[in-house]
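Let us walk through this structure together, starting with the words we need and then moving from one part to the next. Please keep the viewer open as you read.

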Amino acid sequence: MKARIIITPKRAVLDPQGKTVQNALEHMGYSGIQAVHVGKYLEVELAATDREAARKQLDDACHKFLSNPVIEDYKLEVE
Amino acid sequence: MNFVVLQFPASNCDQDAVHVLQNVLGHSARLLWHKETSLGGADAVVIPGGFSYGDYLRTGAIARFSPVMQAVQQFAANGGPVLGICNGFQILCEAGLLPGALIRNRSLQFRCEHVYLKTVTRNSPFTRKIGDSKLLRVPIAHGEGCYFADADTLQRLNAEDRVLWRYVNAQGEPTEISNPNGSLENIAGICSEARNVAGLMPHPERASEPLLGSADGRMIFESLVDSMAERATAKAA
């Protein structure tokens with residue numbers, strides 16, 4: 001079983017990296033870029049067979065450790 | 001006084017902190033490896049700078065789960081003084097001992113330079129001996145020192161007089177250009193609700209002797225020693 005976790009900076013948090021990438025895209029001539037948010041992507045391989053239990057466990061880990069709720073949001077997908 | 005200075009994989013300035021506490025201020029100070037589970041009767045804890053665990057995931061995110069941090073949590077809950085410097089500040093925020101978080105500098109650059117700090121309040125064990133109009137000239141060296149907290153937390157920090165230092169210019173004004181990392185409201189250091197835990201991004205241990213260009217950082221350690229002496233007297237009474 002595999003889980004995918006996408007971590008992005010909260011909208012209220014300054015994201016200078018996203019802003020810089022956005023500026024670069026505009027300089028390159030790509031138009032209509034409204035905003036870029038640079039985050040992290042984690043792929044977790046699991047030995048578990050119970051998807052719900054695995055999700056619960058990873059959700060806890062996301063909240064406690066893998067993301068920082070003060071500055072980040074996360075999205076967890078277990079497949 | 002007995003200090004312990006924690007040591008994580010990739011701590012730095014840990015030796016400098018021990019040097020200042022021991023050789024400059026004349027107290028007992030020893031390094032304590034992060035795998036230890038006891039603070040061994042220390043009177044105060046210093047969490048030094050560095051890049052613990054290579055700053056993987058987020059700065060301080062992994063170090064905060066090191067065994068020694070359990071003991072620090074307990075020590076802090078009992079009112080013991082804890083000072084986090086640079087990475088130590090990041091670890092304390094990740095551990096929830098201080099509110100907010102430290103994120104990438106607004107400039108995206110690693111900044112390594114001297115800054116001026118204005119001490120906002122003397123009402124803390126870390127600032128009580130700092131002269132009223134004294135600006136501290138101390139170095140910074142970090143890539144992720146931009147202090148962030150949500151609006152409610154910021155409001156609370158201000159209302160409770162918990163912002164200890166702000167980045168200012170040589171005239172003591174908190175301008176945008178004197179803010180090296182984009183920290184909200186030029187915040188360089190804060191303390192906990194009970195005031196016994198503090199963190200700051202600048203390195204006072206690198207500026208505690210005139211030979212190093214500034215001895216201003218020493219006042220922070222002297223404040224701490226002074227408050228510890230008072231705490232010891234109160235305990236004995």
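Two residues count as in contact if their C-beta atoms, placed from the backbone, lie within 7 Å. Helices (H or I, at least four residues) and strands (E, at least two) are DSSP runs, numbered from the N terminus. The model is a predicted one, in which local features need pLDDT of at least 70 and side-chain atom pairs count only at pLDDT 80 or more, while totals for chains, interfaces and linings use all residues. Residues are numbered from 1 along each chain as its sequence is written, and chains are lettered from A and ligands numbered from 1 in the order in which they are written.

Let us begin with the sheet of chain B. Nine strands of chain B form an open sheet with mixed pairing, in the order 3-1-4-6-13-12-11-8-9. Because strand 3 (28-33) and strand 9 (135-142) of chain B stand at the edges, each with a single partner strand, one side of each has no neighbour in the sheet. On average, neighbouring strands of this sheet are turned by 25° against each other, direction ignored. For such angles, axes are lines fitted to C-alpha atoms, for helices over the stretch in contact, and the angles run from 0 to 180 degrees between N-to-C directions.

Helix 1 (residues 14-24) of chain B packs on this sheet, where it touches strand 1 (2-7), strand 3 and strand 4 (44-47) of chain B. The direction of helix 1 makes about 160° with that of strand 3 of chain B. A residue is called buried if 20 or more other C-beta atoms lie within 10 Å of its own, exposed if 12 or fewer, and partly exposed in between, with C-beta atoms placed from the backbone. Which residues of helix 1 of chain B are buried? They are Asp14(B), Asp16(B), Ala17(B), Val18(B), Val20(B) and Leu21(B). Their cover includes strand 1, strand 2 (11-12), strand 3, strand 4 and helix 5 (218-236) of chain B. After helix 1 of chain B comes Gly26(B), with a positive phi near 75°.

Now move along the sheet to its other strands. Strands pair if DSSP finds at least two bridges between them. Strand 6 (residues 82-85) and strand 13 (residues 197-200) of chain B run parallel and are joined by four bridges; Ile85(B) stands opposite Leu200(B) in strand 13 of chain B. Strand 13 of chain B also pairs with strand 12 of chain B, in the antiparallel sense over three bridges, and Ile190(B) has Gly199(B) in strand 13 as its bridge partner. These two strands of chain B form a hairpin with five residues between them, and Arg195(B) in the turn has a positive phi of about 75°.

Why is strand 12 of chain B largely enclosed by the rest of the structure? Five of its five residues are buried, so the rest of the structure largely encloses strand 12 of chain B. Strand 11 (residues 163-168) of chain B is likewise largely enclosed, because six of its six residues are buried. Strand 11 and strand 12 (residues 187-191) of chain B pair in the antiparallel sense over three bridges, with Trp165(B) opposite Gly189(B). Strand 8 (residues 111-119) of chain B pairs with strand 11 of chain B in the antiparallel sense over four bridges, and here Thr119(B) stands opposite Trp165(B).

Next come the nonpolar cores, each a set of buried Ala, Val, Leu, Ile, Met, Phe, Trp, Tyr and Cys residues joined through C-beta atoms within 7 Å. The largest has 74 residues, and Val5(B), Val45(B), Val46(B), Leu92(B), Leu117(B) and Leu164(B) have the most contacts inside it. Helix 2 (residues 67-77) of chain B gives the most to this core, with six residues. Apart from this core lies another, of eight residues, among them Ala3(A), Ile7(A), Leu76(A) and Val78(A).

That brings us to chain A. Its elements run β-α-β-α-β from the N terminus on, and buried residues make up 16% of its 79 residues. The contact between the chains takes 13 residues from chain B and ten residues from chain A. On the side of chain B that touches chain A, strand 7 (101-103) and strand 10 (146-148) of chain B are the elements that give two or more residues.
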